[in-house]
Amino acid sequence: MENKNGKAFLYLLPAILFLGCFMVYPLIDVFVYSMEEGYNFASQTYFSVGTYNFSYVLHDPYFLQAVKNTFLMVVITVPISTGIALLISLALSSIGPLQKLFQTIYFLPYVTNTLAVGLVFMILFKKTAYTDGLVNLILKWFGASSVDFIDGPYWAKMFVLCFYIIWVVMPFKILLLTSALASVNRNYYNAARVDGTSPFRIFYKITLPMISPTCFYLIITGFIGAFKEYSDAVALFGTDLNAAEMNTIVGYVYDMLYGDSGGYPSYASAAAILLFVIILTITCINLMVSKKHVYY
Amino acid sequence: MKVVLQDLTKKFKSRDKKGKGEVVAVDHFSFEIPDGELVGLLGPSGCGKSTTLFMICGLQKPTEGRIFFGEDDVTDLPPENRGVGVVFQNYALYPHLSVLQNITFPLENLKGKDKLTKDEMKEKAMEAARLVQIENLTDRKPSELSGGQQQRVAIARALVKMPKVLLLDEPLSNLDARLRLQTREEIRRIQKETGITTVFVTHDQEEAMSISDRIVVMKDGVVQQTGKPQEVYEDPVNLFVARFLGTPQINLFEGRVEKGQLLIGEEAVLAVRGVEDQPLTVGIRPEGFLLKEDGPLSLDLVRVEVMGRDISVVSTSAASLNPTVRSIIDAEMRLQVTEEKVRFALRPSKVLLFHKETEERIYPEEAE
């Protein structure tokens with residue numbers, strides 16, 4: 001028995017070492033940093049240990065802005081992207097011909113480079129000296145006044161960002177949902193049809209419960225992904241997100257480390273710990289809800 | 001309610017690369033199922049029996065032909081308006097609903113004047129549950145039930161709306177041997193109690209023979225023979241039906257008829273009248289052999305299997321078309337296992353002769 005355990009640990013060793021170096025140690029280190037007050041990066045010294053860093057971050061208007069942005073994004077993008085993905089997958093799985101073609105088309109954004117996507121969004125939304133952007137052109141046709149989506153009002157920027165995120169995360173959701181739909185045994189539908197079940201009731205009473213594990217997986221990972229949002233905001237609004245009022249929590253952490261106003265690993269660590277707590281709480285709530293509603 | 005199938009035909013588009021051509025799954029199937037009978041559709045997989053079942057229940061549209069329930073033409077009716085109950089092969093019980101909710105499900109779909117109150121639904125569901133004897137399991141989820149219990153739930157769900165016709169698709173194929181025996185008797189009992197015209201599909205001839213009032217043997221979409229199980233067994237129209245029915249399988253030999261004598265190998269084994277001289281395929285049911293010291297048919301003994309009630313003698317012969325010849329004889333007949341040869345006389349009624357090419361039966365001649 002002893003010998004067997006030793007062997008098992010030997011096999012586990014590479015993974016344990018790797019995870020220890022790059023996951024566990026940094027995590028502990030972040031926690032340590034976040035408690036060291038007045039840490040000086042150059043001299044590697046600090047004054048005392050306490051919660052000042054947290055209190056600083058929580059009173060920083062930039063951080064509060066980032067938290068507000070992040071929550072707005074999460075609340076908007078996760079339900080909308082999952083909902084639309086579900087509708088598209090349902091449509092995809094009920095059409096016969098051209099299904100493969102449409103599946104490929106819907107999956108394309110997933111394999112497209114983020115910067116290329118950013119470029120397309122620039123063409124769609126950005127105002128330049130020469131053009132107002134495609135969307136504004138269309139808005140003008142309908143008689144609306146043009147809006148600066150990239151440097152304009154807050155809601156316009158938030159709209160573009162959410163639109164962007166939804167568009168980027170959708171393919172993966174569609175992929176998982178179509179395969180989940182395809183794995184539902186056809187006999188359930190046959191049985192329901194013989195009993196004269198209406199299509200809506202079939203969806204609500206049979207399809208949805210059957211694919212509920214996939215749905216909740218997508219919602220949970222969607223929440224986590226949206227809370228960690230950063231790169232898409234950069235692709236749209238550039239690196240100075242604070243100035244654009246479009247910063248996210250991860251963006252704030254990055255700025256505190258490396259940005260123009262950076263060099264504060266303690267503040268960055270405190271913000272990172274706060275984000276961790278937020279995600280942990282939300283995920284726990286998600287799991288608790290899913291226990292009630294997910295079958296199997 | 002009697003069910004009449006008239007020239008029922010189903011063609012599918014063939015799935016080859018060119019996308020042309022058709023596969024005929026069911027070919028001009030005509031049959032009348034008398035009211036209140038249990039009919040078994042029997043055949044090897046891919047013979048079109050499930051397709052026929054799905055056409056009767058309305059999940060598939062026939063390419064040609066009509067279906068009547070009583071006097072009503074139901075060919076163009078959707079399944080929910082036909083009044084059928086279906087038990088699917090893997091039961092298709094909704095895994096997220098309890099047994100009671102599963103049974104109630106069809107009732108909840110009723111609309112308009114048929115709409116039931118919650119209490120009425122529950123009462124009807126419990127009634128169906130009692131019929132299949134699962135009334136103490138109604139709070140469980142399907143995954144907490146054994147295969148046999150799931151089967152009962154599926155039957156209860158199919159019966160809860162009191163259908164005119166009950167259809168079962170391979171109802172026993174997911175059960176182990178003992179449960180299968182028990183469940184098929186159960187199906188028979190429920191069918192008798194409710195008097196609902198029932199069609200079930202199976203590839204297991206024993207299953208079909210044991211509980212059906214009538215069986216329909218199919219092959220490649222074409223009905224080979226219909227009739228009472230025993231009649232079809234004793235009186236198969238062709239080699240396929242003869243081979244398909246009966247365990248152990250019918251023994252087949254290469255033989256020929258010469259001057260009114262049936263020859264297997266060089267031995268004249270039986271006098272057959274009215275058959276022209278020709279080579280043919282000889283089928284002998286396992287129970288058609290009689291152990292006899294000076295019997296005309298001699299076989300090379302391989303082994304003797306004692307099965308209590310009777311003895312199975314396994315032997316070989318150069319003329320045999322199967323690897324071994326299996327004969328079943330009464331256990332009373334003591335057998336000398338030391339012998340290398342074993343000699344049999346044949347029961348004339350258990351010997352069937354088939355045409356070598358067409359595989360139609362040529363002896364005994366059709367009764368008509």
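**Exercise 1. How many helices and strands does the secondary structure of chain A come to?**

Solution. Start with the ground rules: this is a predicted model, in which local features need pLDDT of at least 70, side-chain atom pairs count only at pLDDT 80 or more, and totals for chains, interfaces and linings use all residues. Residues are numbered from 1 along each chain as its sequence is written, while chains are lettered from A and ligands numbered from 1 in the order in which they are written.

Step 1: helices (H or I, at least four residues) and strands (E, at least two) are DSSP runs, numbered from the N terminus. Step 2: chain A has 12 helices and two strands. Step 3: read from the N terminus, their order is α-β-β-α-α-α-α-α-α-α-α-α-α-α.

**Exercise 2. Describe how H3(A) packs with H7(A).**

Solution. Step 1: locate helix H3 at residues 61-94 and helix H7 at residues 154-182, both of chain A. Step 2: they pack at an angle of about 40 degrees, with axes 7 Å apart; axes are lines fitted to C-alpha atoms, for helices over the stretch in contact, and angles run from 0 to 180 degrees between N-to-C directions. Step 3: H3(A) is therefore oblique to H7(A) (under 35 degrees is roughly parallel, over 145 roughly antiparallel, 65 to 115 roughly perpendicular, and the rest oblique). Step 4: sort the residues of this contact by class, which gives 21 nonpolar, six polar and one charged (Ala, Val, Leu, Ile, Met, Phe, Trp, Tyr, Cys and Pro count as nonpolar, Asp, Glu, Lys and Arg as charged, and the others, Gly among them, as polar).

**Exercise 3. Which strands of chain B pair with E9(B)?**

Solution. Step 1: two strands pair if DSSP finds at least two bridges between them. Step 2: strand E3 (residues 38-42) pairs with E9(B) in the parallel sense over four bridges, and here B:Leu41 stands opposite B:Val216. Step 3: strand E10 (residues 222-227) runs antiparallel to E9(B), joined by five bridges; B:Val217 has B:Gln225 as its bridge partner in E10(B). Step 4: look at the turn, where two residues lie between E9(B) and E10(B) in a hairpin, and B:Asp220 has a positive phi of about 50 degrees.

**Exercise 4. How many residues of chain A are in contact with chain B?**

Solution. Step 1: a contact means C-beta atoms, placed from the backbone, within 7 Å. Step 2: 14 residues of chain A are in contact with 15 residues of chain B. Step 3: H8(A) gives the largest share of the chain A side, six residues.

How values were computed: Two residues are in contact if their C-beta atoms, placed from the backbone, lie within 7 Å.
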